Amino acid sequence: MPTANPVFHGGWTMKKFQATVINDIWPEVLFFSSIATMVTLVSLKTSHSLAIDSQLMTVLGTVLGLVISFRTSSAYERYQEGRKMWTSITVASRNLAQMIWIHVPNERIAKDKQQAQSNLASVIEKKSMINLVQAFSVAVKHLLRGENGVYYQDLYPLICFLPRYAGDGASATEMLPLWQGSEDGEHPIEHGHSLGSASTLPSQSSSAEPVSSSWMPFRGRVSRSSTFDPEKALPLVQTHRPLKPARNPPPASIFDYLPFLLIFKWMWKKLTHAKKSVLEGERRDALGRKIKPQLGDSNVPMEITIFLSNYAAFLMRSALLQPPIANGILNGVASLQDLLNNLERIGSTPLPFAYQAHLRMSLWIYLLLLPFQIFENFGYLTIPGTAFASFLLLGFLEIGQEIENPFNYDGNDLDLDGFCLAIQRELQEVTAHPAPDPSSFLFTAWNQPFAPADRRTAEELVKGLTEYGVAENDSKGMDHLRRTMLKCWRDVETATREMKY
């Protein structure tokens, strides 16, 4: 089934407009169209012709087309690589959670290096470590978006139980890097102060009115997205400082639609001698280009993998795991660390500035000379022709710049929040599995293991009143089983192969 046309599917909204590159390139398109208008009017309304030979246009157009195509293709490869790595994080998190939940035993008695522990304590231990697996993907999301620290509504509740100090003394000098790197100076932690229980928590902010992220007012029915609050599914914990929202995109402003106005804002700041940069907290720079945030300084995901590795070491010291499962857990943690490094590589390695600058300047020169070269053959059509060429070439160049770092909040970026929520749902599904004894569900009236050859249930077969008898001790019973299996194969072959005429 072909995919729906993205231009018309679901209606045209302001969100879709922001996801296009129209608002990024229209000032340049307007500028080059103005040049084409000037060339056309001067050549037609005066005795001076501005037309020049068009041979150079053919050569430069071919070269620029190939270079822009390479630029866009390389950016899309980074986009696809980022998506594949997030898929790998999902798979690794799911496998790691299954090994912890199913293979780490609940029953523990005191022997050798293993200490006695109740079933409840073991389940709490395993569920807490699986929460750390979930926290890893959330921490990676914030790291890639340049959001430092751990004090976020979707991250802090998952890791708040981790130790804060290296020793028994609760002092600033003994604070571990995970927490030290998250301090901002505005909300200093009270060392030695014990946080209270959930019953002492202040009122939650989820009841507050949703805040719009756009400068354009909205009136009408409140959509589900405005009341969507997945953080309600996380633990309620107390903290010494306000938690930042899980998703904090920079608010849209008029400068996103009229980016050339930023130059006036920049001039005003210079005239008033403002100490802070005009670009601080903005979505665009003084030239109207979207600002890509830098990666965060505190490496919270790495700290989480250290605790997961420490848990694997504890299980092996206590002889709670078989060697293959222990190796699987260690390999899962190593896979998460490898994926983290690769994602950091994509987010922190832009294309060289010299390449981008030279390509853009070459394209500007080409578009600037384009109306002079095509006027002789196009006449008044020089104006729409130049506008179309500018829109086409500048659009592809801007798309390449837009998707080379796909981890932010732009409309074309990967849905990191959706990936993290999908991992959360899958890990909760893993821990909802009761891990029962197979005999409790295999030998029941619901199971027909030998269908379609034998439609009798497993409950009837194990009673021993069939031709199979006790097959493991009866050679004749095994012969009957082999015939049944062969008949199953023949029936399936006949039923599932469509006749071709």
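Because the model is predicted, local features are reported at pLDDT of at least 70 and side-chain atom pairs at pLDDT 80 or more, whereas totals for chains, interfaces and linings use all residues. Residues are numbered from 1 along each chain as its sequence is written, and side-chain values use heavy atoms, with hydrogens and water left out.

The protein chain contains 16 helices and 0 strands; helices (H or I, at least four residues) and strands (E, at least two) are DSSP runs, numbered from the N terminus. Of the 501 residues in the chain, 36% are buried, where buried denotes under 20% relative accessible area, exposed over 50%, and partly exposed in between (1.4 Å probe, protein chains only). The accessible surface amounts to about 29,900 Å², and carbon and sulfur atoms contribute 61% of this area. Among contacts (heavy atoms within 4.5 Å) with a separation of 6 or more, 72% are between residues 24 or more positions apart.

Several backbone features fall in loops. Most residues other than glycine have a negative phi, and most peptide bonds are trans. The peptide bond joining Ala451 and Pro452 is cis, with omega of about 10°; Pro452 is placed in the loop between helix 14 (439-442) and helix 15 (458-461). A positive phi, near 55°, is found at Ala319, in the loop between helix 9 (300-317) and helix 10 (323-348). Ala319 is exposed, at 61% relative accessibility. Ala435 likewise has a positive phi, near 50°, and is located in the loop between helix 13 (416-431) and helix 14. The relative accessible area of Ala435 is 40%, and this residue is therefore classed as partly exposed.

Aromatic pairs were assigned to rings of Phe, Tyr and Trp (its six-membered ring) with centres within 6.5 Å; planes under 30 degrees apart count as stacked, over 60 as edge-to-face and the rest as tilted. This rule gives 7 aromatic pairs. One of them, between Tyr76 and Tyr79, is stacked, with 6.1 Å centre to centre and 10° between the planes. Both residues belong to helix 3 (residues 55-103), where they are 3 residues apart, about one turn of the helix. Tyr76 is partly exposed, with a relative accessible area of 44%, whereas Tyr79 is buried at 18%.

An edge-to-face pair is formed by Tyr156 and Trp179, with 6.1 Å centre to centre and 85° between the planes. Tyr156 lies in helix 5 (residues 156-159) and Trp179 in helix 6 (residues 177-180), so the pair ties together parts 23 residues apart in sequence. Both partners are buried: the relative accessible area is 0% for Tyr156 and 1% for Trp179. Ring pairs also bring Tyr151 into a cluster with Tyr156 and Trp179.

The charged end of Arg164 is positioned over the ring of Trp179, 4.1 Å from its centre. The charged end of Arg145 sits over the ring of Tyr409, 4.1 Å from the ring centre.

Notes
Accessible areas come from the Shrake-Rupley method with a 1.4 Å probe; for residues, only the protein chains shown count as cover. A charge sits over a ring if NZ of Lys or CZ of Arg is within 6 Å of the ring centre and within 35 degrees of the ring normal.
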